[in-house]
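The stops below go from one selection to the next.

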Amino acid sequence: IGTTARETLQLLNAGGEPLIVGWARILGEPEFAVGAPCATILPGASCPLDVTFSPTALRGFSARLDIL
């Protein structure tokens, strides 16, 4: 409580064409947040995506990350 944990995920384009990322969102508890993704990821490249968690109580939390 009172601190924020940050995790950086790597979105990898393992395909042969550019990958267009429309958005990223967190569904679930408001203590989770996600940064803005790269708009386009070239073949073989990756893009960082930050997810943060700022708990407000001592309890279990859950959320789902959606990327389109």
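**From a facing pair to the disulfide**

Start by selecting Phe32 and Phe53: Phe32 stands opposite Phe53, which lies in β6. Keep in mind that this is a predicted model.

Strands of a sheet pair through backbone hydrogen bonds, in either a parallel or an antiparallel way.

With β1 included you have an open sheet of three strands, ordered β1-β6-β4 and paired antiparallel. Which strands are the edge strands? They are β1, at 5-12, and β4, at 32-34, and each of them pairs on one side only. Turn the view to look across the sheet: from one strand to the next, the twist averages 25 degrees.

The last stop is the disulfide. Select Cys38 and Cys47 and show their side chains: a disulfide joins the two, with an S to S distance of 1.9 Å. A search of the whole structure finds one disulfide. Look along the S-S bond of Cys38 and Cys47; the torsion about that bond is about 90 degrees, so the disulfide is right-handed.

Is Cys47 buried or exposed? Cys47 is buried, because its relative accessible area is 1%, and the cut-off for buried is under 20%. Cys38 has 30% relative accessibility and therefore counts as partly exposed.

Notes: Residues are numbered from 1 along each chain as its sequence is written. This is a predicted model: local features need pLDDT of at least 70, side-chain atom pairs count only at pLDDT 80 or more; totals for chains, interfaces and linings use all residues. Side-chain values use heavy atoms; hydrogens and water are left out. Two strands pair if DSSP finds at least two bridges between them. Helices (H or I, at least four residues) and strands (E, at least two) are DSSP runs, numbered from the N terminus. Axes are lines fitted to C-alpha atoms, for helices over the stretch in contact, and angles run from 0 to 180 degrees between N-to-C directions. A disulfide is a pair of cysteine sulfur atoms within 2.5 Å. Buried means under 20% relative accessible area, exposed over 50%, partly exposed in between (1.4 Å probe, protein chains only).
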